[in-house]
Amino acid sequence: MPIPAEAFFIDRASTVPLQVQLRRQIIAGVLEGRFRPGERMPSARHMAGVLGVARVTVTQAYAELVAADYLTSRDRAGHFVSDRIEPLPPAPAPSAGGGFDWDAVLDTRLSRAERKDRVPDWRRYRYPFVYGQADPALVDHAAWRDCARRALGRREFVALTGDLYDSDDPELVDYILRHILPRRGIRAEADQVLLTLGAQNGLWLAAEVMLGGRTSLAAFEDPGYPGLRTILAQTGARLSAVAVDEAGLDPEAIPHGTSAVFTTASHHSPTGVAMSPARRARLLERAGAEGFAVIEDDYEFEMSFAGAPSPALKAMDAGGAVIHVGSFSKSVFPGLRLGYLVADRRVIHEARALRALTLRHPPGMLQRTLAHFLALGHYDTQMNRMRRVYAERRAEMARALVANGLVAGAPSARGGSSFWLATPGGIAADRLAAELRGRDVLIEPGAPFFTDPSRGAGFYRLAYSSIPAERIAEGIARIAEAARR
């Protein structure tokens with residue numbers, strides 16, 4: 001029995017390509033048993049006419065499904081549903097009754113710690129001053145696609161299909177050692193580097209290795225990265241918040257008996273200040289004398305466009321007390337989720353064993369694709385483009401902030417991808433953010449960055465990584481207008 005072309009439809013508002021939509025519908029029909037083995041598909045010409053698509057769209061969809069064994073092709077007869085695919089068993093009926101009481105047995109600490117202030121659908125806002133998101137226009141899609149294609153080449157694909165156990169892609173590690181780390185003044189060997197699923201995963205590995213399973217004291221910056229506080233809270237360690245001022249974290253405020261200090265010394269999160277050279281030297285001096293580790297989150301060093309970035313703590317670390325956490329999230333794109341740890345080989349050995357228990361290693365396909373992206377020069381080209389564009393956006397935002405009275409004088413141009421600001425007249429930032437959402441503007445209230453959220457009520461962060469320069473002035477004007485109201 002022939003399958004009618006009217007059984008299919010095309011959603012032209014969808015971002016999914018037309019050919020893919022058709023293929024998905026045919027596969028679903030086969031697996032669900034609606035299209036049975038031997039049934040004849042509509043001709044490509046008839047299907048194209050009914051759906052209003054090019055004939056080649058249908059032809060290519062059929063060819064792909066023949067290659068995947070969902071359809072068979074018979075000379076002069078057309079395409080038929082294959083008998084090589086087993087339909088899925090019918091879905092069981094939903095169970096009746098109250099079900100199992102998961103609330104009685106679950107430990108809900110993790111879900112309770114989730115941030116509630118972030119907006120998943122931020123792209124639908126016209127003025128998204130959202131931190132940590134990428135502007136796809138700054139990423140060379142053709143270059144990334146070419147690198148992925150190279151990684152999928154037959155010679156390399158054979159290696160990628162294997163389980164690396166606890167190892168990493170040697171080409172990516174080698175490039176990090178020879179090109180990325182020297183920019184931060186860091187020299188290391190291969191067994192002193194571990195690849196991670198971004199900086200968040202690197203911070204978790206470092207925290208678990210240094211603090212997990214024993215009574216420890218961890219010091220961290222206040223204000224600071226909220227995700228780190230959540231990680232530290234799960235270790236069971238005692239926690240000490242250390243205030244940050246215009247010179248960064250004060251080493252003298254670190255309590256005695258500390259096991260590990262977590263810092264964003266080169267570009268503090270969220271204020272953007274850099275720890276002074278004197279404080280860096282003193283922090284490392286205390287670490288060596290008192291035996292505590294320093295975990296350095298070097299999350300945004302590539303975004304310096306006002307001279308050379310501050311040196312990494314790891315570059316000054318003669319005693320080997322620093323664990324360096326790096327990431328490609330800001331310099332390539334955040335969805336990549338690849339980063340690295342650099343530390344004493346004994347630390348890396350423990351972190352590698354822990355990583356093997358949870359995820360073995362980051363996906364080999366991503367590792368090799370990134371290795372090509374770096375080695376073929378695309379990374380440096382993209383970084384130059386991003387620095388130039390970010391510098392332009394920062395200058396545009398600085399002008400708009402001054403013109404609208406949101407800052408008294410021109411903010412510094414030290415780099416990064418955001419401004420940390422006090423709200424006008426001490427207005428509660430969460431109230432301002434709620435007002436602005438109705439005006440198509442997103443800002444980031446400061447409360448989540450403080451251990452005492454009330455201390456952050458009068459601060460907010462404006463990022464320019466995800467908003468085009470031509471929209472910045474109008475977005476800032478809307479913030480100023482809402483603040484006046």
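Histidine 324 is buried in this predicted model, because its relative accessible area of 0% falls under the 20% limit that defines the term. The residue belongs to strand E10, which spans residues 322-327. Its side chain makes a polar contact of 2.9 Å with the side chain of glutamate 296. Beyond four places in sequence, histidine 324 touches Ile186, Glu296, Asp298, Ala312, Lys314, Tyr340, Leu341 and Val342.

Helix H5 comprises residues 141-151, and its buried residues are Ala143, Trp144, Cys147, Ala148 and Ala151. These residues lie on the same side of H5, because they cover an arc of only 135° around the axis. In general, an α-helix has 3.6 residues a turn, so residues three or four places apart point the same way. On the other side of H5, His141, Arg145 and Arg149 are exposed. At the start of the helix, a side-chain oxygen of aspartate 140 comes within 3.3 Å of the backbone nitrogen of alanine 142.

The cover over the buried residues of H5 includes the helices in the table below.

| Helix | Residues |
|---|---|
| H6 | 154-160 |
| H12 | 364-375 |
| H13 | 378-403 |

The largest nonpolar core contains 58 residues, and those with the most contacts inside it are Phe129, Phe328, Tyr340, Leu370, Leu462, Ile476 and Ile479. H13 contributes the most to this core, with nine residues. Apart from neighbours within four places in sequence, the contacts of leucine 462 include Phe129, Met397, Leu401, Phe419, Ile443, Ile476 and Ile479. A second, separate core of 25 residues includes Ala218, Phe262, Ile323 and Leu354.

Methods. Residues are numbered from 1 along each chain as its sequence is written. This is a predicted model: local features need pLDDT of at least 70, side-chain atom pairs count only at pLDDT 80 or more; totals for chains, interfaces and linings use all residues. Side-chain values use heavy atoms; hydrogens and water are left out. Helices (H or I, at least four residues) and strands (E, at least two) are DSSP runs, numbered from the N terminus. Buried means under 20% relative accessible area, exposed over 50%, partly exposed in between (1.4 Å probe, protein chains only). A polar contact is a pair of N or O atoms within 3.5 Å; within protein, one must be able to donate a hydrogen and the other to accept it, and residues adjacent in sequence count only if both atoms are side-chain atoms. Contact means heavy atoms within 4.5 Å. The arc is that of the directions from the helix axis to the C-beta atoms. A nonpolar core is a set of buried Ala, Val, Leu, Ile, Met, Phe, Trp, Tyr and Cys residues joined through side-chain atoms within 4.5 Å.
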